[in-house]
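Please read the notes below with the sequence and the model open side by side. They are arranged as numbered points, each on one topic.

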Amino acid sequence: MALTLYVDTARWRAHQKHMLEQFPGIVPVCKGNGYGFGHERLAEEATRFGSDVLAVGTTYEAARIKDWFSGDLLVLTPFRRGEEPVPLPDRVIRSVSSLDGVHGLVGARVVIEVMSSMKRHGVSEQDLPHLHAAIEDVRLEGFAIHLPLDRTDGSDAVEEVIGWMDRLRAARLPLHTMFVSHLKADELARLQQQFPQTRFRARIGTKLWLGDHHATEYRGAVLDVTQVAKGDRFGYRQQKAASDGWLVVVAGGTSHGVGLEAPKALHGMMPRAKGVARAGLATVNRNLSPFVWGGKQRWFAEPPHMQVSLLFVPSDAPEPQVGEELVAHLRHTTTQFDRILDH
């Protein structure tokens, strides 16, 4: 019995089709754990809808995915001198975010990242006059800009891209292709209209694969159910049951990513108050699990084990049966399933 990712394949692919229509020339992104689907599955999907290039996070991912995708592979992590060499085919394109990086990739296919308001990495405006000579020694596939998700200062994403287009043009650098991230469809259309000689290509991962939340669902199978009375001891730490109910062993533990959670950016008083409340409950070993039974998320009876979780279901809820499945609200990018089922 397993932690299973169920995919409503028709719905999932309908969303992909919608994204392809909204973002002509889209560059699908397949990095990390493959957004919960795995690298092989996303490579197959990108091949199915005819993508000519697939973006990956690292050279190590490119080395794995090259056997599943026959088109170009764009590595998003910028090249750095001294990095471990990974054997890769010529169809791999490297991202570069410094003049030194360009000089270190003589003869290679490269995309040059410019420094956006993200301030993560990228060449600066001061670097542009020196790029003319540097790009003579590489095969330039285009420039790229990675934009922030939120703009709390009220700035305009399109204006930021236009600013860089003007700088690159003033430096007389080739503008045949610009790779962009985190733009809306209408924003991309505005740019394409203003710069008809440049091909804008949106690199998209989350919105492409996870944009329709109803197309996918994780479920964990119930492996065992044990009735307990108030005061009974259980588990690794031999805690006492707070009331009558059932201890439910469900597929899905730390090796699957259950119990792992990325930090969230909280905005507003209510989300902050909820965060404080959750932290307070955790100090008395009360942690809400991602598993749902009887219409409610159920509490962990104790921290999740490696491959299963131990839940407490109170006696006023229906008794779970071995073999039934509990829906699990899990983050795709931190979850590893046992199996995937299309339906």
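This is a predicted model: local features need pLDDT of at least 70, side-chain atom pairs count only at pLDDT 80 or more; totals for chains, interfaces and linings use all residues.

1. In which strand is L247 found? L247 belongs to strand 13 (residues 245–251), where strands (E, at least two residues) and helices (H or I, at least four residues) are DSSP runs numbered from the N terminus. L247 is buried, with a relative accessible area of 8%; here buried means under 20% relative accessible area, exposed means over 50%, and partly exposed is in between, with a 1.4 Å probe and protein chains only. Leaving aside neighbours within four places in sequence, L247 is in contact (heavy atoms within 4.5 Å) with D224, V225, T226, V228, F234, A301, L310, L311 and F312.

2. Residues are numbered from 1 along each chain as its sequence is written, and side-chain values use heavy atoms, with hydrogens and water left out.

3. On the chain as a whole, the protein has nine helices and 18 strands, and its C-alpha atoms fill a box of roughly 75 × 45 × 40 Å, taken along the principal axes. Of the 343 residues in the protein chain, 47% are buried. Among the contacts with a separation of 6 or more, 67% are between residues 24 or more positions apart.

4. The domain assignment, whose bounds come from an automatic or database source, gives domain 1 (7–210) and domain 2 (216–342). The C-alpha centres of domain 1 and domain 2 lie 38 Å apart, and nine residues of domain 1 are in contact with 12 residues of domain 2. The area buried between domain 1 and domain 2 is about 910 Å², with carbon and sulfur atoms giving 52% of it; buried area is the accessible area (1.4 Å probe) that two parts lose on being put together, summed over both. On the domain 1 side, V7, N33 and G36 lose the most area to domain 2, together 50% of what that side buries.

5. T4 lies in strand 1 (residues 3–7) and is buried, with a relative accessible area of 0%. What does the side chain of T4 make a polar contact with? The partner is the side chain of R339, at 2.7 Å; a polar contact is a pair of N or O atoms within 3.5 Å, where, within protein, one must be able to donate a hydrogen and the other to accept it, and residues adjacent in sequence count only if both atoms are side-chain atoms. Not counting residues up to four places away in sequence, T4 touches E217, Y218, R219, E325, R339 and L341.

6. R219, one of the residues that T4 touches, also lies over the face of Y6, at 3.9 Å from the ring centre. A charge sits over a ring if NZ of Lys or CZ of Arg is within 6 Å of the ring centre and within 35 degrees of the ring normal. The charged end of R167 likewise sits over the ring of W164, 4.9 Å from its centre.

7. In helix 2 (residues 39–48), the residues H39, R41, L42, A43, E45 and A46 are buried. What covers them includes helix 1 (9–22), helix 3 (59–65), helix 8 (206–209) and strand 18 (339–342). Helix 2 is followed by G50, whose phi is positive, near 80°.

8. T177 is found in strand 8 (residues 177–181) and counts as buried at 12% relative accessibility. Its contacts, leaving aside neighbours within four places in sequence, are E141, G142, F143, T198, R199 and R201.

9. Two backbone angles deserve a look, given that most residues other than glycine have a negative phi. K119 has a positive phi of about 55° although it is not a glycine; K119 lies in the loop between strand 6 (109–114) and helix 5 (128–134) and counts as exposed at 66% relative accessibility. Q238 has a positive phi near 55°, is found in the loop between strand 11 (233–234) and strand 12 (239–240), and is partly exposed at 40%.
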